[in-house]
Amino acid sequence: MRIMVTGGAGFIASHIVDGLINIGHEIAIVDNLITGKTQYINDKAKRYMMDIADVQLEHAFQDFRPEIVIHHAAQISVQASINNPLFDAQTNISGTIALLELCKKHAVRKIIYASSAAVYGIPNYLPVDESHPIAPLSFYGISKHTPEQYIKLYSELFSLDYTILRYANVYGPRQDPAGEGGVVSIFIDYLTNDKSPFIYGDGEQTRDFIYVKDIVSANIAALTAGSKKTMNISTNSQISVNSLFTNIQQLIPQAPAPQYAPSRSGDIEHSVLDNSQAIQELNWTPLYTLEQGLHETCEFYKHLASMSI
């Protein structure tokens, strides 16, 4: 299939591109390289280095004629969304609408959209399933949920198929600890550079961490399954930040101890997503244990650290 991947030079989507190319699909990448990196672009992918809101993107649709669009291009910083909600909305909401218009005009068969657990806000119950109330705590959460509504209406009005995937806390190689990096990449970056990272609060807050390669397999499954469905992509398990740190510390010899700092306002105490619908609808299941994922991620950052010496 001809598949266009927006944000294809970024952390998650570059892995998806690699996975799709490995199984024989024809891939085009759209990325403005604000946060994406050229070294993560697969050489076999066609490149359109532009913003999803760029009027020139229509030429990419005319040239490549995608059958499916996997949409990961986004403003992903929670803090940036609070500091500049207009830019956040322009990128995540208006950018998605512009993309949907092109999907409609050029007869794209399906869009697979990367959404987020941020749409749920503070959990009313655990694990959080797809019926949980939508109550985001940030403009980012709003700007990830609003495109879901546009996608569903475009589907009804213009027969555009879709699958919406709400990700838990994704981690793995290529995640940028200097940007809106997850706690895993930040911990590993600090420890491989012999620095002591901060843990906010008592460290007993829990999260659902999913390895990026399991995200890849979910997107591949969604190519042919999950029609008009919205699903959590997660491990349906949780681990405390303290335990996560201990797991990482064991993989890095002579790693320093963490520093503890006061809790940050707005932080969610516990979060875990129910993935049973994705297991049923996509015939998908996460295959990587936390230990396996952390090992591969640590090896990636150790290699980066050795290259910079």
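Hi everyone, let's start with a trio: Y171, Y211 and Y288 make up one aromatic cluster. Before going on, please keep in mind that this is a predicted model, where local features need pLDDT of at least 70, side-chain atom pairs count only at pLDDT 80 or more, and totals for chains, interfaces and linings use all residues. Residues are numbered from 1 along each chain as its sequence is written, and side-chain values use heavy atoms, with hydrogens and water left out.

How many aromatic pairs does the structure hold? There are six, where rings of Phe, Tyr and Trp (its six-membered ring) pair if their centres lie within 6.5 Å; planes under 30 degrees apart are stacked, over 60 edge-to-face, and the rest tilted.

One of them is F198 with Y200, a stacked pair with 6.3 Å between centres and 25 degrees between planes. F198 is partly exposed at 38% relative accessibility, and Y200 is partly exposed too, at 29%; buried means under 20% relative accessible area, exposed over 50%, and partly exposed in between, with a 1.4 Å probe and protein chains only.

Now to Y211 and Y288: their ring centres are 4.9 Å apart and their planes meet at 55 degrees, so this pair is tilted. Y211 sits in strand β10 (residues 209-211) and Y288 in the loop between α9 (276-282) and α10 (290-308), so the pair links parts 77 residues apart in sequence. Helices (H or I, at least four residues) and strands (E, at least two) are DSSP runs, numbered from the N terminus. Y211 is buried at 2%, whereas Y288 is partly exposed at 28%.
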